[in-house]
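Q: Could we go through this structure together, starting with the overall layout and then moving to particular residues?

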Amino acid sequence: ASPAPDKIDYVFKVVVIGDSGVGKTQILSRFAKDDFCLDSKSTIGVEFQTRTITIGGKVIKAQIWDTAGQERYRAVTSAYYRGALGAMVVYDITKRQSFDHVARWVEELKIHADTSTVISLIGNKADLADSRAVPTEDAVEFAEEQGLFFSEASARSGEKVESSFLRLLEEIYKVVS
Ligand code: GDP
């Protein structure tokens, strides 16, 4: 069960970015859906979902923002990035272009977000390995160069979604605590 709202020690804003169609919304729903929360999508104008977890004995509300399609027009606003402590940059392992655009997303993030923002690179749709267009090594190399955490995951099967979010949140906790 979720703790009472008045027991929350930290709120961590995390933004999910990447090309349209890579699975951002699915990843977010997979992580947030287990939690009962009243302040998710249903509230007008609020484009995030939440999940409350405990790290180091502290109750942390992860507030995970979805672009809600803004990226289709390359019009993700600076308000979207403002105050983000963490970011997940998602590409689709079956779409080379979505990986080629990752550098741009990281650049945009660095312009708008704080320098201490923790960034994870996620190669989604790992269940479609037969149609892979992005070798794991390419992503590992890019992640190392840029200092990003990296995982391949599948929103469909759920593989690595939970662990990727938890790792990101743990790293944010190390930064803020
Ligand atoms: P967004 O535009 O980045 O938010 O992408 P969506 O979450 O809307 O997903 C785009 C499409 O990819 C949808 O048809 C999803 O069902 C599909 N999709 C998302 N994640 C996965 C995945 O892990 N595996 C597979 N096979 N399909 C996925």
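A: The secondary structure of the protein chain comes to six helices and six strands. Helices (H or I, at least four residues) and strands (E, at least two) are DSSP runs, numbered from the N terminus. This is a predicted model, in which local features need pLDDT of at least 70 and side-chain atom pairs count only at pLDDT 80 or more, while totals for chains, interfaces and linings use all residues. Residues are numbered from 1 along each chain as its sequence is written.

Q: In what order do the elements of the protein chain run from the N terminus on?
A: The order is β-α-β-β-α-β-α-α-β-α-β-α.

Q: What share of the residues of the protein chain count as buried?
A: Of the 177 residues, 40% count as buried. A residue is buried if 20 or more other C-beta atoms lie within 10 Å of its own, exposed if 12 or fewer, and partly exposed in between, with C-beta atoms placed from the backbone.

Q: And among contacts between residues at least 6 apart in sequence, what percentage join residues at least 24 apart?
A: The figure for the protein chain is 72%. Two residues are in contact if their C-beta atoms, placed from the backbone, lie within 7 Å.

Q: Which residues touch the most other members of the largest nonpolar core?
A: They are Val14, Val15, Val16, Ile27, Ile64, Ala87 and Val89, in a core of 44 residues. Strands S1 (10-17), S3 (58-65), S4 (86-92) and S5 (118-124), together with helices H1 (24-32), H2 (78-81), H4 (102-112) and H6 (161-176), each supply at least two residues of this core. H6 gives the most, with six residues. A nonpolar core here is a set of buried Ala, Val, Leu, Ile, Met, Phe, Trp, Tyr and Cys residues joined through C-beta atoms within 7 Å.

Q: Take Ile64, then. What is in contact with Ile64, leaving aside neighbours within four places in sequence?
A: Ile64 is in contact with Val14, Val16, Leu28, Phe31, Ala32, Phe48 and Gln49.

Q: How do H1 and H6 cross?
A: Their axes come within 9 Å and cross at roughly 80°. Axes are lines fitted to C-alpha atoms, for helices over the stretch in contact, and angles run from 0 to 180 degrees between N-to-C directions. H1 and H6 are therefore roughly perpendicular to each other, a label for angles of 65 to 115 degrees, whereas those under 35 count as roughly parallel, over 145 as roughly antiparallel and the rest as oblique.

Q: Which residues meet there?
A: Ile27, Arg30 and Phe31 in H1 meet Val161, Glu162 and Phe165 in H6. The residues of this contact divide into four nonpolar, no polar and two charged. Ala, Val, Leu, Ile, Met, Phe, Trp, Tyr, Cys and Pro count as nonpolar, Asp, Glu, Lys and Arg as charged, and the others, Gly among them, as polar.

Q: Changing topic: how many residues surround the ligand, and which are the closest?
A: The ligand is surrounded by 14 residues, and the closest are Gly23, Lys24, Thr25, Gln26 and Arg156. A residue is near a molecule or strand if its C-beta atom, placed from the backbone, lies within 6 Å of it. The shell holds three nonpolar, seven polar and four charged residues. H1 gives the most to this shell, with three residues.

Q: What about the backbone: what is phi of Lys125?
A: Phi of Lys125 is near 70°, a positive value in a residue other than glycine. Lys125 is in the loop between S5 and helix H5 (136-146).

Q: Is Lys125 buried or exposed?
A: Lys125 counts as buried, because 25 C-beta neighbours lie inside 10 Å.

Q: And where is Lys160?
A: Lys160 is in the loop between strand S6 (149-152) and H6. Its phi is also positive, about 65°, although Lys160 is not a glycine. With 19 C-beta neighbours inside 10 Å, Lys160 counts as partly exposed.
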